[in-house]
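Here is an explanation for someone meeting this structure for the first time.

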Amino acid sequence: MSEQMEKLYAERLKRYTTAMRNEKPDMIPIRPFVAEFVATYCGYTCQEVAHDCEKAFEATRRCASDFGWDATVGNMVFVWTALTQAIGLKYWAIPGIDLPADVGFQYREPSEEQSFMKPDEYDALIADPTGFLFNVWMPRVSTEVVEPGRPSTMRNNLSFVKGGMGMMQYFQGLSRQGELLRTECGCVSAIAGILKAPFDILADKLRGYVGLSQDLFDCPDKVLAACEALMPHLTQVALATSDPHKQVPVSLWMHRGCVPFISFEQFDRLFWPTLKPIIETLWSNGLQTLFYAEGKWGAHLKTFRELPAGSIIFHVDMDDIFEVHRVLGDRFCISGGIPNFLLAYRSPKEVRAYCKKVIDEVARDGGYIMDASAIVQNDAKVENIKAMTEFTREYGVY
Amino acid sequence: MSESQQPQRLPGECFPYEEKKKEISEVLGDPQLVEKMWKDIDGLGYMYIWFCLLAF
């Protein structure tokens, strides 16, 4: 790596980590979570970046270089659909196969009747989560995998061989991508490690949202026990995949565990007590958590204050960023909050005006990272991402 | 260990070494090395299934 690039990387890393500690860096760090936007910018289809992860890596690096961002995610088109096809995962709609080539991949939640875990299977999940995933869940979510007790097939065996080797290839590629972002672009890999709330995992990939909603009334104690059974495993995965240097945060993708999807009572009894200890464990291991608060979590901001100061970075999606700053700004760094509709449908002038408002009111004392509200997909206009970036560079200097 | 048996699987493991050890009459060399390598590679199987659940 050239000396100049090393210096640039060091400056950006310092800027990013200073802001994440809720302190004031030299200027506001810019860390967009760009997904299919990288395809738009580089002239690829959504199919190309979803199905060929090397194209996604290359497009991300080109964006990081051209825009000069401080940090970004190595590949925010996070589902490599060639791998999910090899494993036979049914729940992804793949661009170019199930969807037009220019539509981003989509999650297909099954109907309540087709849910991947049945309502009478809580005890089996609670007793042995890993065994349940291999023996019950995987045969249901894969077109290839045969359930135990039935004759095995070549397709069954190939699912695990190709899936295992493909996953290894992907993560080696992602690791190489982190190095190339550093050496070619001077850009920091923004996150390391993955976490989801036990409640959200139960809703997303096991019972389904509709099924879980019913379970909350039929068997709330089982739901709680299942969340508790998932906790040590989700903690294990988050720790095992985190940044060994403890510089960048573990990403927590927050889905539907908030009011009004669930009640305050359900949040207080089920969602929060099975998530909070995981965050505290990560923090005790020297790791911050990026709360990627998808949707609106405004009803729970005061609850989040229970977490140790500095332990999270609160990312604003649909919430009122000014209210989030008022309630949480003294304890945690805040990121995001530039509405995606603005980036997709409005003018660069309007983008700059909104960025100014956020910088003036949220970022004045540091502890803010510029980003869109949600991950940036292929509807965002290039000139608007450019406006967000350039304005922040010009105006966001302390 | 048969498919139907349910071992106590801790976070990070699929097929606990304590179960595997029952299939080995005697380790003639370094038993700690055997245990470590079993656990390391077993852990990859664990990451595979949990990554399918969490990320893919």
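**Chains and helix contacts**

In the contact between the two chains, 17 residues of chain B touch 26 residues of chain A, where contact means that C-beta atoms, placed from the backbone, lie within 7 Å. On the chain B side, the residues divide into 13 nonpolar, two polar and two charged. Ala, Val, Leu, Ile, Met, Phe, Trp, Tyr, Cys and Pro count as nonpolar, Asp, Glu, Lys and Arg as charged, and the others, Gly among them, as polar.

This is a predicted model, in which local features need pLDDT of at least 70 and side-chain atom pairs count only at pLDDT 80 or more, while totals for chains, interfaces and linings use all residues. Residues are numbered from 1 along each chain as its sequence is written, and chains are lettered from A and ligands numbered from 1 in the order in which they are written.

Two packed helices are described by the angle between their axes and the distance between the axes. Helices (H or I, at least four residues) are DSSP runs, numbered from the N terminus. Axes are lines fitted to C-alpha atoms over the stretch in contact, and angles run from 0 to 180 degrees between N-to-C directions.

Helix 15 of chain A (residues 321-328) packs against helix 17 of chain A (residues 348-362) at an angle of about 15°, with the axes 10 Å apart. Helix 15 of chain A is therefore roughly parallel to helix 17 of chain A, a term for angles under 35 degrees. Ile321(A), Phe322(A) and His325(A) of helix 15 of chain A meet Val358(A), Glu361(A) and Val362(A) of helix 17 of chain A. By class, this contact has four nonpolar, one polar and one charged residues.

Key. Helices (H or I, at least four residues) and strands (E, at least two) are DSSP runs, numbered from the N terminus. Angles under 35 degrees count as roughly parallel, over 145 as roughly antiparallel, 65 to 115 as roughly perpendicular and the rest as oblique.
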